[in-house]
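Welcome! Please have a look at the model first.

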Amino acid sequence: MAEEGDIFPTGLGVAEARALIVTIAQARRVPAESMPLPAAAGRILATDAIAPHDVPGFANSAMDGFALRGADLPESGEKRFRLIGEILAGGKAAPVVETGTCVRITTGAPIPPGADTVVMKENTRMEATRSEGDRVIVMPGTMPGANVRPAGEDYRTGDIALKRGCRLGPAQLGVLASFGMTHACVVQRPRAVLLTTGDELVAPGDPLGFGQIHDSNRYSLGCLLEYWGVELVRHERVRDDPAALRDALQRAGADADFIVSSGGVSAGEADFLPRLVSEIGKVHFWKVRLKPGMPFLFGQIGTAMLFALPGNPVSGFATCMALVKPALDAMRGVSQKGFMLRAHLRTGINKRHARAEFQRARLHCDENAVLWATPHAKQGSGMLRGVAEADALVLLPDGAREFAIGEVVDVMPLPGWPG
Ligand code: AMP
Ligand code: MG
C-alpha cells in the first residue's frame, strides 16, 4: 500500500478533485474526424458549423393558398382576384403576379415574382366565370406580407449554426442536412480499457464458488462509459496479484486514452493499486472526501489517464459520474455547464459525517414546477438497487451534516433521466 512518504495529494474535496481532473484532461484533447451524418448522431462537434447558404434558400409560402400583392388586399369586404396559374412545392416556374391577379400556391413553393403575400386557402372562395376563367374571392383579414417565409429567416449565410462542443442530436443532424452537408467534423470517441479487479469476481454466466460474486461493475461501468460515447477497447478481469495488475495496467496504458479500473484501491491487504501506480506511473491524487467513493485514485500510466474506482458497485458508479464524466467532457471540448440540477429535498437527512455524500434519489416535478428529490431507502455503497431505482445522485456538500426538508441541493441526473 502507498502511504507514508508518498508525495501525491490526498483527501481532496470533490470540487477540488474534479478541477484537477478537468485541468489534466483538457490538455488531452481527442482529435477530430469526419463522419457521415447518420453515423455522427450522438457525437460531439469538433468545429463550429457555419451556414453555407441561407435557410430557407428562397422566399416561400408557409401555407396552401394564393400568392398576390399585399397592396391589392381589401381593407374591408371581399375582393376578386383573377387566377393566372399555379406553383406547387418543387415547381420550376410561376407567372408574374400583377395587380389584381393571384397564383395558386402550396406550402414550401417559391413566392412568384411580383407577389409578396399569401392568403390561406381557408380565407378564400372560388368563383368560375365564363368570360375570364377562375376568380378567387379573398375575404378580409390577411395582412400584407402574411404567410411568406423570407429567405434566411432560419439561418443566414455565415451564421454560426452549431458551436463546437455541441452534441449532435436529431435536430442538429437535421440542421447540417439542411445545409446540404453529408459529413460532420466530430471529436473521435475517446478510447478506454476497463479493468475489474478482485479474486472474488466471476463472469456473469459462470457458476459461483464459495465467497465469489458476479462481476457486475464490468457491465454497470462499461455501460456508463459507452452511454457517454466512449469506445471500450476491451475489458479485462484481473486477479488481486501485483504482477497481473502491473501487466494489465501497462498494456492498457499503451492501448487507451484512459483506463477505468474498479477495486483494489483501498487500504486492505489485497489493495495493490496505489503502490503499483506510483511505481509504474504517476498518482495525481488518492482519496477524495466523499461517501461513497473515498478511495478514488486519479493517476497516469504512460500517456493514459487512470481513474481507479473503488470496487463497491455504488462507489464506482458515483465516482464514475462525478469524476470520470467531467474528464470525458474536457477531452472532447464539451462545456462543464449543465452538469448539475437543483432540487428540494423531500425528506430531511442527517449524514452523521462532514464528508460530501452522494445519495441515490428519485426526482419528480410537482404541479408548481418545483423539482423534488426523494432519497432512496437503500443507501449502502454495495447496494446497486438504490441506483437502479433512482433518477439522480443528490450531492450533500462537505461540512454540513443536517439537511432539512425542502432544503435545496445539487442533483446529478443518472443517464436516461427523464427518459
Ligand atoms: P475493493 O474496492 O476491491 O475493496 O472492493 C470493495 C467491494 O466491492 C467488495 O465487496 C468487492 O467484492 C466488491 N466488488 C469489487 N469489484 C466488484 C465488481 N467488479 N463487481 C461487483 N462487486 C465488486
Ligand atoms: Mg478487491
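Strands β14 (residues 191-197) and β18 (residues 258-262) pair in the parallel sense over 5 bridges; strands here are DSSP runs (E, at least two residues), numbered from the N terminus, and two of them pair if DSSP finds at least two bridges between them. This is a predicted model, in which local features need pLDDT of at least 70, side-chain atom pairs count only at pLDDT 80 or more, and totals for chains, interfaces and linings use all residues. Residues are numbered from 1 along each chain as its sequence is written, chains are lettered from A and ligands numbered from 1 in the order in which they are written, and side-chain values use heavy atoms, with hydrogens and water left out.

**Strand β14 and its partners**
- Val193 stands opposite Ile259 in β18.
- β14 also pairs in the parallel sense with strand β17 (residues 231-238), over 7 bridges.
- There, Thr196 has Arg237 of β17 as its bridge partner.
- Of the 7 residues of β14, 6 are buried (under 20% relative accessible area, 1.4 Å probe, protein chains only).

**Around ligand 1**
- β14 and β16 (213-214) each supply at least two residues of the shell around ligand 1.
- There are 17 residues around the ligand (a heavy atom within 4 Å), and Glu200, Asp215, Gly264, Gly311 and Asn312 come nearest.

**Polar contacts of ligand 1**
- An oxygen atom of ligand 1 is 2.8 Å from a polar backbone atom of Gly311.
- A nitrogen atom of the ligand lies 3.3 Å from a polar backbone atom of Asn217.

Notes
Buried means under 20% relative accessible area, exposed over 50%, partly exposed in between (1.4 Å probe, protein chains only). Helices (H or I, at least four residues) and strands (E, at least two) are DSSP runs, numbered from the N terminus. A polar contact is a pair of N or O atoms within 3.5 Å; within protein, one must be able to donate a hydrogen and the other to accept it, and residues adjacent in sequence count only if both atoms are side-chain atoms.
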